[in-house]
Amino acid sequence: MGGVEAADRIAQRQRDTLTGGGVHRVSLFDGGSRPTKILALGAHADDIEIGCGGTILRFLDANPAAEIVWVVLGASGQRRTEAVESANVFLANAQRKEIVIKEFRDGYFPYVGSAIKDFFEVLKQKYSPDLILTHCREDLHQDHRLVSELTWNTFRNHLILEYEIVKYDGDLGAPNFFVQLSASIARKKIQTIVECFKSQRDKNWFAEEVFSSVLRLRGVESNAADKYAEAYYCRKIVC
């Protein structure tokens with residue numbers, strides 16, 4: 001089933017206006033509204049985990065039969081090993097999963113864009129997901145931004161949510177779609193990232209309190225009962 005049809009089912013299940021906010025809750029996890037085929041796209045090792053790892057964990061808690069395709073476009077050497085290890089931890093409960101690791105050059109995606117575009121055409125022929133999780137189009141990292149652009153260019157009839165990644169550039173914005181997380185899922189997400197990506201431990205952004213603070217902030221903004229949430233930009237949803 002196409003992503004637009006999935007979006008239509010999701011929109012029909014709107015309910016429970018948040019107190020004073022005028023914001024409708026839309027269920028991605030209950031009954032017939034939940035996606036069964038999910039494509040997660042990340043430019044680098046750890047992008048999917050940081051941007052939408054909690055959402056994927058929540059999906060699998062609600063529906064272990066969901067099919068998850070996990071694609072990392074640029075990871076080689078130790079980073080490739082870390083990417084595979086982490087993906088397998090996040091997808092441990094998935095009955096159907098596929099992990100795809102490519103080795104496009106980090107920091108040079110716009111300059112090898114034709115090869116990446118060709119790879120996206122392969123993805124389009126192979127998968128028709130209900131939901132796509134990808135980078136934000138306003139992300140200031142050139143590799144992230146290109147992945148977002150090619151996602152929209154390639155998948156024209158699908159529900160797409162754009163995730164965020166905190167970084168030096170200071171490009172966090174005001175997202176409009178929130179997935180609330182339990183404290184246990186938030187904790188598992190953070191612990192897995194910290195344990196799996198040892199090569200990143202010298203980076204000033206790679207810290208438990210950084211990951212937790214973003215989840216906590218989005219939890220405040222979405223009035224999350226358990227205090228944590230991941231945030232997305234939803235550009236189009238069909239009702």
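**Strand pairing and aromatic contacts**

Analyst: Strand β1 (residues 37-44) and β4 run parallel and are joined by three bridges. The model is predicted: local features need pLDDT of at least 70, side-chain atom pairs need pLDDT 80 or more, and totals for chains, interfaces and linings use all residues. Residues are numbered from 1 along each chain as its sequence is written, and side-chain values use heavy atoms, without hydrogens and water.

User: What makes β4 and strand β5 a pair?

Analyst: Two strands pair if DSSP finds at least two bridges between them. Five bridges join β4 to β5 (residues 159-163), so the two pair, and they run parallel. Thr134 stands opposite Glu162 in β5. Strands here are DSSP runs of E with at least two residues; helices are runs of H or I with at least four; both are numbered from the N terminus.

User: Which helix does the chain cross from β4 to β5, and what is the hand of the crossover?

Analyst: The chain passes through helix α5 (residues 142-154), and this β-α-β crossover is right-handed. That term applies if, with the strands pointing away from the viewer, the path from the first strand over the helix to the second runs clockwise.

User: Why is strand β4 called largely enclosed?

Analyst: Five of the five residues of β4 (residues 131-135) are buried, so the rest of the structure largely encloses the strand. Buried means under 20% relative accessible area, exposed over 50%, partly exposed in between (1.4 Å probe, protein chains only).

User: Why is the pair of Trp70 and Phe90 called tilted?

Analyst: Rings of Phe, Tyr and Trp (its six-membered ring) pair if their centres lie within 6.5 Å; planes under 30 degrees apart count as stacked, over 60 as edge-to-face, the rest as tilted. The count by this rule is six aromatic pairs. For Trp70 and Phe90 the centres are 5.9 Å apart and the planes stand at 40°, so the pair is tilted. Trp70 is in strand β2 (residues 67-74) and Phe90 in helix α3 (residues 78-90), so the pair ties together parts 20 residues apart in sequence. Trp70 is buried at 0%; Phe90 is buried at 3%.

User: What makes the pair of Tyr108 and Tyr111 edge-to-face?

Analyst: The angle between the planes is 65°, with 6.1 Å centre to centre. Tyr108 is partly exposed at 36%, while Tyr111 is exposed at 67%.

User: How do you know that the charged end of Arg105 sits over the ring of Tyr108?

Analyst: The rule asks for NZ of Lys or CZ of Arg within 6 Å of the ring centre and within 35 degrees of the ring normal. The charged end of Arg105 sits over the Tyr108 ring, 3.6 Å from its centre.
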